[in-house]
Amino acid sequence: MIFELLVVLIAIIIGARLGGIGLGVMGGVGLAVLTFGFGLQPTSPPIDVMLMIVAVISAAACMQAAGGLDHMVKIAEKLLRKNPKHVVWLSPLVTYVFTFIAGTGHVAYSVLPVIAEVATETKIRPERPLGIAVIASQQAITASPISAATVALLSMLAGFNITLFDILKISIPATIIGVLAGALYSMKVGKELKDDPEYQRRVKEGLLDKPAAEISGATNKKNALISIWIFLAATVMIVLFGSIDTLRPTFTVNGNPEKLGMPYIIEILMLTAAAIILLVTKTDGIKATKGSVFNAGMQAVIAIFGIAWMGDTFIQGNMAELSHSIQGIVTQYPWLFGIALFVMSILLFSQAATVRALMPLGIALGISSPMLIAMFPAVNGYFFIPNYPTVVAAINFDRTGTTRIGKYILNHSFMMPGIISTGVAILAGFLLIAILF
């Protein structure tokens, strides 16, 4: 089992270094070694999760192609520029809402340059709003009803009478509380901008003289608004179907009545929303495939395909040994499983892949469904190593140089906001399940 674990870890590390689809394809290499080298029987690939992500990304990409995302960014820009002194509080709420609606944290790319410029113009250290804004975009993944991570968790807990509403009523308030705690900490991060040596150097060298970032907005405002409302309507319908069982169609299977599963509902509604957006706004479907949302989403699908399949095969093949060795301590201290989720997310760079790889172990160990929901925000650990795309983008957008990777790599601008937000979100989750379950 130790050698098999090493194979899994090596595949993850090499895949992370390759970037892009590297994580997913290296999962395939690891799975090949486990299957042909160690004789483990492959589990079923996570087809339902992958297809749900494809459907959601298709709809989000069509909304982006129709100008919906650009219009949302323009609205965010106006909000931030009207309230520049509150940029540290408003920025994470903006990126949180963007991610919550779109189901992917990569939509934050569009608003990060606005945050950086508003902070610079107001002489507020850009590191403060940028750091927590990136973290908020990650936390919202575990609150969005259509994110790959939430979809993956729902598919695993559906058999335990857990609905989408059960997950959201814990994850939404818990992550918001966590983000606000991170924003409170960020208020006093670092020196004031005018006193920062790096900022002073760049001012003297004229590096800040170039024009500030400008957001053009959607070229066709009507189509942009239509795409947003169609996407939001589909999202609301998913939440309703996922929360109220009686709304879901019932079919007779082998003589027994069965409700239509949420994977099918998500896939049907999101594909339909994508089609309606294209038809009503007369948007070219090819354009949707060339946007940042589609590109990032497809990378997530491939990552889950390879890494999650490899991880699931390893865990299922060694379930007896794993359960015997750690069941006692995890049952007594369930929060330790949260640490395992956090560490795995650092390695996998994907909340959904982490859920798909480790949550089956948590279920097998007998950890209750409410406990697993409370620990759900722990999968947001990929800020720990500062090489995730949104982290790198935030550093590059800060022209003042205050948002940076520290001398010791791990002492970067996102570390403390991330740890505080994640830790507080988990604590809030435990408190909420004690009240609501």
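A salt bridge is counted where a side-chain nitrogen of Lys or Arg lies within 4 Å of a carboxyl oxygen of Asp or Glu. The structure is a predicted model, in which local features require pLDDT of at least 70 and side-chain atom pairs count only at pLDDT 80 or more, while totals for chains, interfaces and linings use all residues. Residues are numbered from 1 along each chain as its sequence is written, and side-chain values use heavy atoms, with hydrogens and water left out.

Under the salt-bridge criterion, 13 salt bridges are found. One of them joins Glu117 and Arg399, with the closest N and O atoms 2.8 Å apart. Glu117 belongs to helix H6 (residues 112–121), whereas Arg399 lies in the loop between helix H19 (389–397) and helix H20 (415–436), so that the pair links parts of the chain 282 residues apart; helices are DSSP runs of H or I with at least four residues, numbered from the N terminus. Glu117 is buried (under 20% relative accessible area, with a 1.4 Å probe and protein chains only; exposed is over 50% and partly exposed in between), at 4%. Arg399 is also buried, at 12% relative accessibility.

A salt bridge also forms between Arg404 and Asp196, where the closest N and O atoms are 3.5 Å apart. Arg404 lies in the loop between H19 and H20 and Asp196 in the loop between helix H9 (164–186) and helix H10 (197–204), so this pair ties together parts 208 residues apart in sequence. Arg404 is partly exposed at 35%, whereas Asp196 is buried at 2%.

Glu205 and Arg201 form a salt bridge with an N to O distance of 2.9 Å. Glu205 is partly exposed at 48%, as is Arg201 at 35%. Lys74, Glu77, Arg81 and Glu121 are connected in a salt-bridge network.

How values were computed:
Helix = DSSP H or I, 4+ residues; strand = E, 2+ residues; numbered from the N terminus.
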